[in-house]
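Hi,

Here is the structure I promised to pass on. Have a look at it first, and then read my notes below.

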Amino acid sequence: ISGGSFYKNGELRVEYDSHSVFLNEERVHLTKNEFKILNLLCRHAGKVLTYDFIIKAVWGPRASSNTGILRVNITNLRKKIEKNPLCPTFVFTENAIGYRAAENQAIS
């Protein structure tokens with residue numbers, strides 16, 4: 001696997017091409033939209049993505065800017081990938097702006 005085709009941070013690995021997510025080498029089953037959100041955040045790891053940017057990227061340009069559906073998806077995603085969803089280590093909330101994934105760790 002080339003460095004650009006997956007995201008790795010600690011126990012979390014996201015493989016873009018195969019749409020696979022692993023936590024401690026165990027496959028995590030995400031919904032299509034949960035994967036789209038995680039994929040987007042991981043590809044821009046370390047950068048804050050606005051609510052609106054994520055919503056348009058996942059649900060399309062005509063999607064409403066209502067952040068409710070995004071928040072529900074992020075909550076569900078955290079329950080699946082975080083040890084403690086209330087104290088996340090992979091997906092962070094940037095209040096009133098959007099979300100950010102922890103930076104991709106260098107692969108040695």
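**What I found**

There is one aromatic pair in this structure, which is a predicted model. What I like here is the link between distant parts of the chain: Y51 belongs to helix α2 (residues 51-59) and Y99 to strand β7 (residues 98-101), 48 residues apart. Are these two buried or exposed? Both Y51 and Y99 are buried.

Y51 turns up again if you look at T67, which is in the loop between α2 and α3. Beyond its neighbours within four places in sequence, T67 is in contact with Y51 and I55. T67 has a relative accessible area of 17%, and buried means under 20%, so T67 counts as buried.

Next, the helices. Two packed helices are described by the angle between their axes and the distance between the axes. For helix α1 (residues 32-43) and helix α3 (residues 68-81), the axes come within 10 Å and cross at roughly 85 degrees. Angles of 65 to 115 degrees count as roughly perpendicular, so that is how α1 lies to α3. On the α1 side, the contact is made by N33, E34, I37, L38 and L41; they meet L70, N73, I74, N76, L77, K80 and I81 in α3. Sorted by type, the residues of this contact are seven nonpolar, three polar and two charged.

One last thing to find: the charged end of R43 sits over the ring of Y16, 3.9 Å from the ring's centre.

Cheers

Notes. Residues numbered from 1 in each chain as written. Predicted model: local features only at pLDDT ≥ 70, side-chain atom pairs only at ≥ 80, totals over all residues. Heavy atoms only, no water. Phe/Tyr/Trp six-rings, centres within 6.5 Å; stacked < 30°, edge-to-face > 60°. Helix = DSSP H or I, 4+ residues; strand = E, 2+ residues; numbered from the N terminus. Buried < 20%, exposed > 50% of the residue type's maximum accessible area, 1.4 Å probe, protein only. Lys NZ or Arg CZ within 6 Å of the ring centre and 35° of its normal. Axes fitted to C-alpha atoms, helices over the stretch in contact; angles between N-to-C directions. Parallel < 35°, antiparallel > 145°, perpendicular 65-115°, else oblique. Contact = heavy atoms within 4.5 Å. Nonpolar A, V, L, I, M, F, W, Y, C, P; charged D, E, K, R; others polar.
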